[in-house]
Amino acid sequence: MTDTERGFQAALARLSHPPVFKLLDPGVHKLIDRWLARRGNTPRPRTAPLFFGSSMTVLLPEVISEAIYTYGLFDETVTWMAMQAVRPEDIIFDVGAHFGYFSLLFAHLTGAKGRVYSFEPTPSTFNVLDGNVRDNPAITALNLAAGDKPGKIE
C-alpha cells in the first residue's frame, strides 16, 4: 500500500467515526475555528493539510472548505475514482477547479511528468486556486470557463 493510499484510508476512517468523534477527532481547535467562521461575515482563510501530503488554502465557512479543512479530503468517491484512474504522466483537465483540491490531487498522481490544466471562471475563486497551485509546475491555472461554443456568459 502506498503512502497516498494509507493517507486516504486514514481520512476515510475519520469520516466513518460516530458523530461526536467526527467533531472532536480533527482537534478541538478546528471545531472552534469552524464554529467561529460560521458566525462571522468574512471568509476565514486557513491552511488545510491534505491526505496525500500537500496542503492548500481554504476559506471557512464555505462547505467544501470545511470538509477539506476537517478531514483532508473532499468527496471520497470521486477522490477514490481519481486514485484508480489517474496515472503518472497523464494530462488532466480539471474543469470547475474551485480552490484546487482535485488539481493538487491530480498533480500528485500524475507526477512531475504529468500536466494538469485547471479551469475556474469565477475571479474570486480563481484567486484562491491560483495561490494554491502557483508553486506547482505541473499545474496551469486558467481563469476561463470551458464550453461547447466561444463567448462570454454573465
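How many nonpolar, polar and charged residues are in the lining of the largest pocket? I looked that up first, after noting the ground rules.

**Ground rules.** I'm working on a predicted model, where local features need pLDDT of at least 70, side-chain atom pairs count only at pLDDT 80 or more, and totals for chains, interfaces and linings use all residues. Numbering runs from 1 along each chain as its sequence is written, and side-chain values use heavy atoms, with hydrogens and water left out.

**Largest pocket.** The lining has six nonpolar, two polar and two charged residues. My classes: Ala, Val, Leu, Ile, Met, Phe, Trp, Tyr, Cys and Pro are nonpolar, Asp, Glu, Lys and Arg are charged, and the others, Gly among them, are polar. I listed the lining as Pro 121, Leu 144, Ala 145, Ala 146, Gly 147, Lys 149, Pro 150, Gly 151, Lys 152 and Ile 153. A pocket here is an open set of points on a 1 Å grid over the protein atoms alone, where a 1.4 Å probe fits, with protein on both sides within 12 Å along at least five of seven lines; lining residues have an atom within 4 Å of a point. Its volume comes out at about 280 Å³, taken as the space filled by probe spheres set on the points, with grid points joined across faces, edges and corners.

**Second largest pocket.** This one has about 180 Å³. Of its 15 lining residues, Asp 94, Gly 96, Ala 97, His 98 and Phe 102 are the closest to the centre. Eleven of the lining residues are nonpolar, three polar and one charged. Elements are DSSP runs numbered from the N terminus: helices are H or I with at least four residues, strands E with at least two.

**Around His 98.** I found His 98 in the loop between S3 and H6, with phi near 55°, a positive value in a residue other than glycine. His 98 is partly exposed at 21% relative accessible area; the cut-offs are under 20% for buried and over 50% for exposed, with partly exposed in between (1.4 Å probe, protein chains only).

Which residues make up the covered face of S3? They are Ile 92 and Asp 94, while Ile 91, Phe 93 and Val 95 form the uncovered one. S3 pairs with S4 in the parallel sense over five bridges; pairing takes at least two DSSP bridges. The chain goes from S3 through H6 to S4 in a right-handed β-α-β crossover, i.e. clockwise from first strand over helix to second, with the strands pointing away from the viewer. S4 (115-119) also pairs with S5 (139-142), parallel, over four bridges. From S4 the chain passes through H7 (123-133) to S5, again a right-handed crossover.

**H7.** I checked burial next: Thr 125, Phe 126, Val 128, Leu 129, Asn 132 and Val 133 are buried. Down the axis of H7 they fall within an arc of 160°, so they line one face; the arc uses directions from the helix axis to the C-beta atoms. On the other side, Pro 123, Ser 124 and Asn 127 are exposed.

Leu 60 and Pro 61 are joined by a cis peptide bond, omega about 10°. Glu 89, not a glycine, has a positive phi of about 75° and counts as exposed at 51% relative accessibility.
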